[in-house]
Amino acid sequence: MKRILFVSDVHLSNNKPDTTFGFLKFLKKEVPYCDALYILGDLFDIWIGDDNCEPLHKQISNALNNVSVKIYFIHGNRDFLIRYGFANNSSIILLFEKHIFNIYDYRLLIMHGDILCTDDYSYQIFRTVMHQYWIQSILLKSPLFIRKYIANRLRNNSTKTTKYKLENIMDVNQNTVEKIMLNYNVNLLIHGHTHRPAIHKLLLNNKEKAVRAVLGAWDQFGSIIQLDNHGIKLIKFYF
């Protein structure tokens, strides 16, 4: 194997043309030279259904479809309504919210990362509600204009409440991280969501060496994690 790449929190939207340019550049310049790309959620800043056919969505779908490398996708908190319509058109493979596999010297767990922020009680309650199958089903069957209205209200409310939350509340809970890694018997965890790119070395049960690697958001540059037989590396991809 050459290398595997991971990205998260690209947050593509019509309001961020530079980010769209950067992601398309990444697909052309970097992805063809890896063995696989894993997108760990929030590829889009908002997703209200596969039937919302905007030019940006079609542009990204075509670009993903033109990549010969296998692309895997885990839902984020902004695009959890992506379904097989978009996936099939984009030739991406949908994964469950937690995915485990063995690679190089690691037993690896990948996820979006929002379930690790257990100190943010209000968000966890909201997440539990929104991930109910029947609620998602009702949402996806409602008219587009209603979904757009709901999505805008939720985004505005999220922006307001986030301003008043302490930074540590919106970060991962270390006990939750260690509990999940021990439960799944993994020594490497890769996630996004917190927008705090870093590679953390851990001691599970105060004895087992492990690593938690965090992806950043795509703002002035792209945040990429590269995994190969030399180890793990956090990379800045400039647009």
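Which residue forms a salt bridge with Arg3, and how far apart are the closest N and O atoms? The legends below begin with that pair.

This is a predicted model, in which local features need pLDDT of at least 70, side-chain atom pairs count only at pLDDT 80 or more, and totals for chains, interfaces and linings use all residues. Residues are numbered from 1 along each chain as its sequence is written, and side-chain values use heavy atoms, with hydrogens and water left out.

**View 1. The salt bridge of Arg3 and Glu30.** Arg3 pairs with Glu30, with 2.9 Å between the closest N and O atoms. Arg3 lies in the segment before β1 (4-7) and Glu30 in the loop between α1 (17-29) and β2 (36-39), so the pair ties together parts that are 27 residues apart in sequence. Arg3 is buried at 14% relative accessibility, whereas Glu30 is partly exposed at 25%. A salt bridge here is a side-chain nitrogen of Lys or Arg within 4 Å of a carboxyl oxygen of Asp or Glu. Helices (H or I, at least four residues) and strands (E, at least two) are DSSP runs, numbered from the N terminus. Buried means under 20% relative accessible area, exposed over 50%, and partly exposed in between (1.4 Å probe, protein chains only).

**View 2. Further salt bridges.** The structure holds eight salt bridges. Side chains of opposite charge can pair when their charged atoms come close. In one of the eight salt bridges, Arg147 meets Asp51, the closest N and O atoms being 2.9 Å apart. This pair links distant parts of the chain, with Arg147 in helix α6 (residues 144-163) and Asp51 in the loop between β2 and α2 (55-65), 96 residues apart. Arg147 is buried at 5% relative accessibility, while Asp51 is partly exposed at 41%. Arg196 and Asp171 form another salt bridge, at 3.0 Å from N to O. Arg196 lies in the loop between β7 (188-191) and β8 (198-204) and Asp171 in the loop between α6 and α7 (174-183), so their pairing ties together parts that are 25 residues apart in sequence. Arg196 is partly exposed, at 28% relative accessible area, and Asp171 is buried, at 18%.

**View 3. The largest nonpolar core.** This core has 36 residues, of which Phe23, Phe26, Leu43 and Leu64 touch the most other members. At least two residues of the core come from each of β1, α1, β2, α2, β3 (70-73), α3 (84-90), β4 (92-94) and α5 (133-141). Beyond its neighbours within four places in sequence, Leu64 is in contact (heavy atoms within 4.5 Å) with Phe23, Leu27, Ile39, Leu43, Ile71, Phe86, Ser90 and Ile92. A nonpolar core is a set of buried Ala, Val, Leu, Ile, Met, Phe, Trp, Tyr and Cys residues joined through side-chain atoms within 4.5 Å.

**View 4. The largest pocket.** The volume of this pocket is about 1,200 Å³. Its lining comprises 40 residues, the closest to its centre being Asn77, Arg78, Tyr123, Ser158 and Thr162. Helix α6 supplies the largest share of the lining, ten residues. The lining divides into 17 nonpolar, eleven polar and twelve charged residues. Ala, Val, Leu, Ile, Met, Phe, Trp, Tyr, Cys and Pro count as nonpolar, Asp, Glu, Lys and Arg as charged, and the others, Gly among them, as polar. On a 1 Å grid over the protein atoms alone, a pocket is an open set of points with protein on both sides within 12 Å along at least five of seven lines, a cavity is a set of points where a 1.4 Å probe fits but cannot get out, and lining residues have an atom within 4 Å of a point. Grid points are joined across faces, edges and corners, and a volume is the space filled by probe spheres set on the points.

**View 5. The largest cavity.** One cavity of 30 Å³ or more is found in the whole structure. The largest cavity holds about 40 Å³ of space and is lined by Asn77, Phe80, Tyr123, Phe126, Arg127, Met130 and His131.

**View 6. Asp42, a residue with a positive phi.** Asp42 is not a glycine, yet its phi is positive, at about 55°. Asp42 is placed in the loop between β2 and α2 and is buried, at 2% relative accessibility.
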